[in-house]
Amino acid sequence: MSRYARHLDRQGPTNPFPGLKALERRLGRRIPHRLGSNEGLDMPHRALTARFGAEFAELARAYGDAEAFGVRQRLSDALGTPLESLLVDAGADSLIALALRATCEPDSPVIASAGTYPTFGYFAAGQGCRMSEVAYRDAPGLLAPDLQALAERAHRENARLVYLANPDNPGGHLHDDDAVLALREALPEACTLLLDEAYHDFRRDAEAPAAGAVWPGVIRLRTFSKAHGLAGLRIGYAIAEPEALTMLTKVRIHYAVSSLALAAAETVLDHPDETRDHVGAVVACRERLAERLRGLGGDVPPSDTNFIAVRLADADRAARIHRQLLDAGTLVHRPAHPALGHVLRISTLADALAPGRLDALIAGLDG
Ligand SMILES: Cc1ncc(COP(=O)(O)O)c(C=O)c1O
């Protein structure tokens, strides 16, 4: 049985607009006169240039590289992943949507943890998939997706797709590669494991060789929104077998990633030390905040992300603290899913450590 939606499991459709950059690469030379793609290349852009500079205006005028060659080349060099196993799109969210479109049909069963990153369920519902949710392992010091339960449910439902955020949102829990590969092994053959690694860069072993590995039957998603600070530009990538990426490409909006986002991603990839330093600062802040809250009696499971989760005694207490913090001008996240109503998630920005910032939380830890 194929892993892909039946209407895609045949020749085509093929992207009608691979674009000028792809043609130039194929011809091995530049094409200086662009009279074929109806862009506004002679728009003067005085206002844009005044605000953002000439390079921005230049990038804005032309369609970007639909194949994101420059970003993929840099990723390939950094991760050791073959070019044909890398697909760039408009953020991990966009890649979640592509994975659903490529693998599922209306009524297809899909599985996720109850309360995990909700965009997956939102997109799955929008596509008419049948969602089945599995409880977290939720106990003092622990908030982790239950891999065994995910695998069992996938068999019971004959699932097309299992979604796992790793490290997890909102728990921050990291399952190591062996555990993830054992989950893959335990899933039905025709089921795809959609492994959302949006927080990958904050893992202790983020630069280990397996970071760029292509795992059969797994679509790994990454983003430039977190460690690289490009959330507003919308860019991320998938690592997967070429066959899977061919399927995602069939349902992809070919110019979904702007020329500006591509250029920005290339720039941050050319300066890995800046990202590394930033990740180091975030991790230090995360550990300080976690230690401080634990010292005050808080239940803060270990996190491999840029946030911590705080498990409170019950949902009412979490709702009250959430409201009190908001009244004081501080927004933390409380998952909307009732299964995780007792959890608050806090981004570990330096601001989280400012004196008084989390007073309502601290006061609520013990009563
Ligand atoms: C698990 C997870 N996946 C994906 C995203 C979104 O990533 P992007 O901005 O690349 O769409 C987030 C953002 O919070 C996330 O937590």
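The model is predicted.

The contact between them takes 24 residues from domain 1 and 24 residues from domain 2. On the side of domain 1 that touches domain 2, there are 13 nonpolar, 7 polar and 4 charged residues.

**Two helix pairs**

Two packed helices are described by the angle between their axes and the distance between the axes. The table gives these values for two pairs.

| Helix pair | Distance between axes | Crossing angle |
|---|---|---|
| Helix 4 (residues 69-79) and helix 10 (residues 259-269) | within 9 Å | roughly 25 degrees |
| Helix 7 (residues 147-157) and helix 8 (residues 177-186) | within 9 Å | roughly 15 degrees |

Take helix 7 and helix 8. Their axes cross at roughly 15 degrees. Angles under 35 degrees count as roughly parallel, so helix 7 is roughly parallel to helix 8. The crossing of this pair is right-handed. Helix 7 brings Leu147, Leu150 and Ala151 to the contact, and helix 8 brings Ala179, Leu183 and Ala186. By class, this contact has 6 nonpolar residues, with no polar and no charged ones.

Now take helix 4 and helix 10. The axes here cross at roughly 25 degrees. Helix 4 and helix 10 are therefore roughly parallel to each other. Helix 4 passes helix 10 in a left-handed crossing. From helix 4, the contact draws on Gly70, Val71, Arg74, Leu75 and Ala78. From helix 10, it draws on Leu262, Ala265, Glu266 and Leu269. The residues of this contact divide into 6 nonpolar, 1 polar and 2 charged.

**The ligand shell**

Which residues surround the ligand? The shell consists of Gly91, Ala92, Asp93, Tyr117, Ala165, Asn169, Asp196, Ala198, Thr223, Ser225, Ala231 and Gly236. Helix 5 (residues 91-103) supplies the largest share, 3 residues. By class, the shell holds 5 nonpolar, 5 polar and 2 charged residues.

**In brief**

Helix 4 and helix 10 cross in a left-handed way, whereas the crossing of helix 7 and helix 8 is right-handed. Around the ligand, the largest share of the shell comes from helix 5.

How values were computed
Residues are numbered from 1 along each chain as its sequence is written. This is a predicted model: local features need pLDDT of at least 70, side-chain atom pairs count only at pLDDT 80 or more; totals for chains, interfaces and linings use all residues. A residue is near a molecule or strand if its C-beta atom, placed from the backbone, lies within 6 Å of it. Helices (H or I, at least four residues) and strands (E, at least two) are DSSP runs, numbered from the N terminus. Ala, Val, Leu, Ile, Met, Phe, Trp, Tyr, Cys and Pro count as nonpolar, Asp, Glu, Lys and Arg as charged, and the others, Gly among them, as polar. Axes are lines fitted to C-alpha atoms, for helices over the stretch in contact, and angles run from 0 to 180 degrees between N-to-C directions. Angles under 35 degrees count as roughly parallel, over 145 as roughly antiparallel, 65 to 115 as roughly perpendicular and the rest as oblique. A crossing is left-handed if the near helix is turned anticlockwise from the far one by less than a right angle, and right-handed if clockwise. Two residues are in contact if their C-beta atoms, placed from the backbone, lie within 7 Å.
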